[in-house]
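Reader: I have a structure to look at and a few words I would like to understand. Could you go through them with me?

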Amino acid sequence: QGAHIIVTPEDGIYGWRFSREAIYPYLEDIPDPVVNWIPCTEPTRFAPAPVQERLSCMARNNSIYVVANMGDKKPCNSSDPSCPSDGRYQYNTDVVFDPEGKLVARYHKYNLLRGETQFNYPKEPEAVTFETPFGKFGVFTCFDILFYEPAVVLVSKLQVDTVLFPTAWMNVLPFLTAVEFHSAWAMGMGVNLLSANTHNVSQAMTGDGLFTPEGPATYHYDSETEEGRLLLAELSARPRLSPTYPPAINWSSYATSIKKFPEEKDTFSGAVRRDIFTFSELRHKSGNYTVCQGDLCCHLVYQMSNKSKDEVYVLGAFDGLHGSVIKYYWQICTLLKCKSTELNTCGQPVETAETRFEMFSLSGTFGTNYVFPEVLYSGVQLAPGEFEVLRDGRLKSKHGTSKPLITATLFGRLYEKDLPHPLRTSP
């Protein structure tokens, strides 16, 4: 269909149910791309590499870039104090082959989930880029997207145009569903994100897309069936040069400049997973609300068009560390639907709604410029083209919501307040 680059999911070759020992026979020694190697034409130049050979030939025979996730192995010995007891490092690895079949990029995943015990942490984060005729590309994997290294480094310091993103993303409403967060991240960072997600409904893994600074070019979310889908779209090769490229945003400008709406006296606490938010119920069809927690105050102006009697919406604020073992710092302002009319359900996962809004405007006194705008409609659908972010940091509906609203959220990350990673050991 004329694609220039194909991105495949994390764990797309092996699957993910592996112990360290069980996955070892499938791993290959993946060399540094500086060796200038085309596995398709020199399959025996390095140790046996049947997976790299096949991927290389797929790229070469079709004259396209191929991006895949596999496993790398590197021997080590007792002179290396951090060498595992079995004498080898095993890495969750992305490889990229160019249209000649040459290995042009190799990336070792830096932020592993706790369950990835079959793999080791690289000693240092890698910022992997490569040039193409259609822009500068970077690559990282799944959980990496939530951290400064490598995600922000690639975009803010190395100025890539497009990020390649193999992932096996387990959806978590209300803020971390794959299509919702990945689209928001592309918009907040101002880059293309080519997100290929493993599709496994029993693991809550679904949702991928081709996302741009202006919103999703195409996406797919299906939590009901085991049917996967190929996505194809034409994107701007160098989005930063596009006349429609969004202007720089001061995410706290409006919220810190206005006279604060009266802060709600009847706030209550509610949990979004383990995070304790400060919530205030939207009791009327329209109004102005302010809710604060810590250093963050969230402002909302709204008007509902058809408030359902069976639905409760709240304005919420969270300012603090998230995570049980790996702790990283969030600032979140959110307008969200509660699971039921009982306030103790606010923050629990919700997939459907009936209430539409004629307008909403959400802003916050964020202490970071890394803020990601999310709008999610009933049925876990995105809202491309139906909202905008003004230069002063307001997330606004353009003409009301065409579908009932689940959540409108400004998701901020204060990377400098993250705690040290407790599982990654340094030599």
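Reader: What joins E5 to E6?
Author: A hairpin of two residues links E5 to E6. Before we go on: this is a predicted model, where local features need pLDDT of at least 70, side-chain atom pairs count only at pLDDT 80 or more, and totals for chains, interfaces and linings use all residues. Residues are numbered from 1 along each chain as its sequence is written, and side-chain values use heavy atoms, with hydrogens and water left out.

Reader: Why is the pair of Phe 181 and Phe 411 called edge-to-face?
Author: Rings of Phe, Tyr and Trp (its six-membered ring) pair if their centres lie within 6.5 Å; planes under 30 degrees apart count as stacked, over 60 as edge-to-face and the rest as tilted. Here the centres are 5.1 Å apart and the planes stand at 65°, so the pair is edge-to-face.

Reader: How do you know that Arg 88 lies over the face of Tyr 24?
Author: The rule wants NZ of Lys or CZ of Arg within 6 Å of the ring centre and within 35 degrees of the ring normal. Arg 88 is at 3.7 Å from the ring centre of Tyr 24 and lies over its face. The charged end of Arg 413 also sits over a ring, that of Phe 147, 5.9 Å from its centre.

Note on methods:
Two strands pair if DSSP finds at least two bridges between them. Helices (H or I, at least four residues) and strands (E, at least two) are DSSP runs, numbered from the N terminus.
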